[in-house]
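Here are some exercises to work through with the model open beside you. Try each task before you read its solution.

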Amino acid sequence: MNMTDPVGQSATVLRGVLRLNEPMARHVSWRAGGAAARAYAPADHNDLAAFLGTLPEGEPVCFVGLGSNLLVRDGGYRGTVVLMHSSHGAMRIEGDTVYAEASVACPKVARFAATQGLEGAEFLAGIPGTVGGALAMNAGCYGSETWDVVARALTISRAGKLSERSATEFQTRYRHVELRGSNLGEEEWFLAAWFRFRPGDEKRARARIKELLAKRIAAQPLALPNAGSVFRNPPGDHAARLIEACGLKGCRIGGALISEKHANFIVNPKRKARAADIEALIARARQTVKDRFGIELVPEVRIVGEAP
Ligand SMILES: Cc1cc2nc3c(=O)[nH]c(=O)nc-3n(C[C@H](O)[C@H](O)[C@H](O)COP(=O)(O)OP(=O)(O)OC[C@H]3O[C@@H](n4cnc5c(N)ncnc54)[C@H](O)[C@@H]3O)c2cc1C
């Protein structure tokens, strides 16, 4: 593919795949929502850098991993999404770290670390997103968070510049990551990370992964399209407890339903929900919990794009 660069002086040969009007329901775990005006799946880091350089100034850009925490409104995303997930992203031991590209699925990192006799990565086994998404969200569970185990990260800027950044450059807290002096998610994105896990025992790590996955299967509606926890847990409480206490389990709007199994999950059982149904259900749960308990639930899921 040839694209003219922003100043129109030379042609850049791109090796990735560009699709127009790409239905994002194919790329998000809720299996709902609108289309992206442009969707680019880069061939590699250099190709991505070249592609970003071709975008007009002001073009909205959204990186997408496995879409397990994302919804695109029904009117679509009037910009470019970069589709980062790949089943052949690089992962290897580098010194005392595990290097994994942003495109790699988190459960693969957990299994790889275990086979290397490392412990501390097990929590990633249950997070059905990419390394890039986990870095962006500071994904975590069962007492561990992504940034607890990151030593360094590789980022790319809008100008296509790659930077290796120490974990200390990032400010992180519960499901939140900031980079001083840069607008993460709008001007700079994750390409890879070096994780530091502790030396341990393969058998024990594998057993822990099994145990954590069994807990999830028992508690979460994993057979139905969903995006994990819809709301962050408020300090000292659980969003699921509050929503359930309001009697909202099973509450339905259009094709979307508050899960009977876990009240902080919204499911799309027949794959017929519109993004608007899901958003309306989020608003209803928020309002009901606020009216009843005076607590403002904050969504954990990211919603982008335009209403129709
Ligand atoms: C069944 C289920 C269980 C879940 N359990 C958990 C859990 O226990 N803990 C938890 O924290 N989350 C959980 N989640 C939510 C989700 O898996 C995580 O937030 C995950 O980290 C999202 O990764 P992703 O690749 O799917 O990101 P996406 O959903 O594709 O994107 C999420 C956000 O990250 C940004 N992003 C994605 N890739 C990059 C990148 N390379 N650089 C910069 N920004 C990027 C996107 O723009 C978007 O804002 C669960 C989801 C499901 C469906």
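**Exercise 1. The ligand and its surroundings**

Which residue has a polar backbone atom 2.9 Å from an oxygen atom of the ligand? Find this residue, then describe the shell around the ligand.

*Solution.* A note before we start: this is a predicted model, in which local features need pLDDT of at least 70 and side-chain atom pairs count only at pLDDT 80 or more, while totals for chains, interfaces and linings use all residues. Residues are numbered from 1 along each chain as its sequence is written, and side-chain values use heavy atoms, leaving out hydrogens and water.

Step 1. The residue is Gly 67, with a polar backbone atom 2.9 Å from a ligand oxygen. Such a polar contact is a pair of N or O atoms within 3.5 Å; within protein, one must be able to donate a hydrogen and the other to accept it, and residues adjacent in sequence count only if both atoms are side-chain atoms.

Step 2. Ser 68 places a polar side-chain atom 2.6 Å from a ligand oxygen, and a backbone N or O atom of Ala 134 is 3.3 Å from an oxygen of the ligand.

Step 3. Check the cover. On its own the ligand exposes 970 Å², of which the protein buries 94% (Shrake-Rupley method, 1.4 Å probe; for residues, only the protein chains shown count as cover).

Step 4. Count the shell. The ligand is surrounded by 34 residues, each with a heavy atom within 4 Å of it. They divide into 17 nonpolar, 13 polar and four charged. Here Ala, Val, Leu, Ile, Met, Phe, Trp, Tyr, Cys and Pro count as nonpolar, Asp, Glu, Lys and Arg as charged, and the others, Gly among them, as polar.

Step 5. Assign the shell to elements. H3 gives the largest share, five residues. Helices (H or I, at least four residues) and strands (E, at least two) are DSSP runs, numbered from the N terminus.

**Exercise 2. A serine in a loop**

Is Ser 259 buried or exposed, and what does its side chain reach?

*Solution.* Step 1. Ser 259 sits in the loop between strand E20 (256–258) and strand E21 (266–267).

Step 1. With 4% relative accessibility, Ser 259 is buried; buried means under 20% relative accessible area, exposed over 50%, and partly exposed in between (1.4 Å probe, protein chains only).

Step 2. The side chain of Ser 259 reaches the backbone nitrogen of His 262 at 3.1 Å, and a polar atom of that side chain lies 2.9 Å from the backbone nitrogen of Lys 261.

**Exercise 3. An enclosed helix**

Explain why helix H2 (residues 106–115) is largely enclosed by the rest of the structure.

*Solution.* Step 1. Seven of the 10 residues of H2 are buried, so the helix is largely enclosed.

Step 1. Among those buried are Cys 106, Val 109 and Phe 112.

Step 2. The buried residues of H2 pack against elements including H3, E17 and helix H4 (202–219), with contact meaning heavy atoms within 4.5 Å.
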